[in-house]
Amino acid sequence: MTKSKDSKLEKTRELISEQGMKDLLTKQLEIVGSGGAFVWAIFFLCVTPNILNGFHVSSYTLLGHLPDDQWCGIDDLRATNWTLEQKRSITDRELKPGGCEVWDWDYKQLSRMSFDEALNFTNRMSQINKPAVVNCKVKGNYEYLNPESTFVADWELTCDRSIQRTSAQVSLSLGKFCGSFSFGILADKFGRKTSFTLGAAFFIVGSFMCSFSPWYSLFLIGRFALGAASSGLFYPAFTMIVENICLKHRSWMSIAFSASYPVGMILLAITGYLIQPWRYLQLALTIPSLLLILNCYLMNESPRWLITKQRYDRVYQILFKQPSHYEVQSAIAPATEIVSDKKTLEPTVNDSLCQKLKNGPLKSIIELYSNPKVRKLIFTSYFMFCVTSLSYYVTALNASNLSVSRYLYIIATGVVDIPSYLVPVIMLRFTGRRITTMFLFMWTGISLLLVLAVPTGSTTWIVSFAMLGRFGISATYSVVTLYTAELYPTEIRNSALGTCSTWAHVGSISAPYVVDVLGALGWYIPTTICGCCVLVAGLLTLTLPETGTGKLVDKVGDASVSNEQNEKAEKQ
């Protein structure tokens, strides 16, 4: 009975041309994308994962902080009744703080004396001949104040191994570097939801690896997975909003999407204050990631992406909430395509391999650079993303010298970031994408260069300009992401965002070296370099077309025509 009904439905399906079907679905997408349950479902399903990104990407500040105090516990002095201060006054007096090195005394002999006798003995012997300085591990072990609050104590990532502590953040940045590139290509090839689901799987697995890892190497693998997953969650979700929400809501929703990240930072600081042990804190940040399973179940594939892949029945089902009653007429191929001769048949093996590469994973990458108009846009976007990320992290590193608690610093950063995402909403409404981006670049550049006018001892003013620079660069980041997403056609949009993000992570990975190496030559050099680069990026923005006056382009071939139409509309 069911089969007969299905056959009747097939027979009663109306014929429609492919272009007519595209127009019908695009028009319906504009209708449902202007408001209602469809819009809010996309918004909340895409925004909540970005809060989790704010958790883990910033958690390094709390999980891997340097111990509040560290010293060398001498094995031979453990049985004595000396206080900790008394032991340290003998073992590392006049040495650099941190307990990395101790004096090479005969501590077994000293342990048989009272503290006063040992102190007098070491003072007298120091005047005659000072002992050698040896590594703490020769005489004992490192000891810490509140060792359970940081993974540094678990794996002794201190003194000569302190550089390995930084690997936790570097591995996450490398994960974001690789993830932004690979997940962008996957989203264009296999769909936004597929890429998002894979990113969610990486996120959950990586979170549990970090929570229960007994080895630092496994912990680093988990951090790498979290970094890759953050790109897998961020860019497909952001693209879903840009592609399927109407122009009226697209601006503020995309900014609100970016503003969810500092919300995660604030929640991280509150959770970290309440839960001190780092493993329990990591587990508390991991449990909410299980909600991603619900997101993946409820999320639909992007209708606009499905249209470009000619999966019209699925799009119709999503937009109209019912099966399609149309049958798309397949275009009749020209007779010339059927005709073949020996010359065309000979190179089929080589052509098929070449075509598989071009139409497969390399297709979107080739299209990014083959079109001259798109190529100019992509190189400008790379510079903008790299400079923005570099300035963002350099500003964060300079501001971290504030003499406040870790928790207050993270909260302050999140509080500063939230209004920085909201300000562009108003500007985009009245000035458009290009002018807003240029203004924010100039504002950030001037703020960073103003640090040159501040005397070295004026900490309050230095911190104020650092926060002002962070405010400006955070606002710039949100607008640049939206602007870039609108610049490129649907076919290559995720690949463009993914490769741009790759260059952004080049900037974030370079930031610590700019601060540590060049900052050692002059405290003002990092901010001066960033300020100059940001000003150049602002000027380059003037070479880009305005995107806030036209519709999104689906095909690469239509990009040039759309840019010309947008420029004409802007002039009018």
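This is a predicted model: local features need pLDDT of at least 70, side-chain atom pairs count only at pLDDT 80 or more; totals for chains, interfaces and linings use all residues.
A residue counts as buried when its relative accessible area is under 20%, as exposed when that area is over 50%, and as partly exposed in between.

**Stop one: Cys100 and Cys159**

Select Cys100 and display its side chain. Cys100 has a relative accessible area of 26%, so this residue is partly exposed. A disulfide connects Cys100 with Cys159, with an S to S distance of 1.9 Å. The torsion about this S-S bond is -90 degrees, and the link is left-handed. Colouring by secondary structure shows that the pair joins distant parts of the chain, 59 residues apart. Cys100 belongs to the loop between helix H5 (84–91) and strand E3 (101–103), while Cys159 lies in the loop between helix H9 (151–155) and helix H10 (162–190).

**Stop two: Cys72 and Cys136**

Now select Cys72 and Cys136, which are joined by a disulfide with an S to S distance of 2.1 Å. Here too distant parts of the chain are linked: Cys72 is in strand E2 (residues 70–74) and Cys136 in helix H8 (residues 136–139), 64 residues apart. Both Cys72 and Cys136 are buried. Look along the S-S bond of this pair: the torsion is about 90 degrees, so the disulfide is right-handed.

With both pairs on display, the view holds the 2 disulfides that a search of the whole structure finds.

**Stop three: Cys210 and Cys533**

Centre the view on Cys210. Its relative accessibility is 0%, so Cys210 counts as buried. Then move to Cys533, which takes part in no disulfide. The nearest cysteine sulfur to that of Cys533 belongs to Cys530, 6.6 Å away. At 23% relative accessibility, Cys533 counts as partly exposed.

**Stop four: helix H14**

Finally, select residues 278–286, which form helix H14. Which residues of this helix are buried? They are Trp278, Leu281, Gln282, Leu285 and Thr286. Turn the view to look down the axis of H14: the buried residues fall within an arc of 140 degrees, so they line one face of the helix. An α-helix has 3.6 residues a turn, so residues three or four places apart point the same way.

Key. Residues are numbered from 1 along each chain as its sequence is written. Side-chain values use heavy atoms; hydrogens and water are left out. Buried means under 20% relative accessible area, exposed over 50%, partly exposed in between (1.4 Å probe, protein chains only). Helices (H or I, at least four residues) and strands (E, at least two) are DSSP runs, numbered from the N terminus. The arc is that of the directions from the helix axis to the C-beta atoms. A disulfide is a pair of cysteine sulfur atoms within 2.5 Å.
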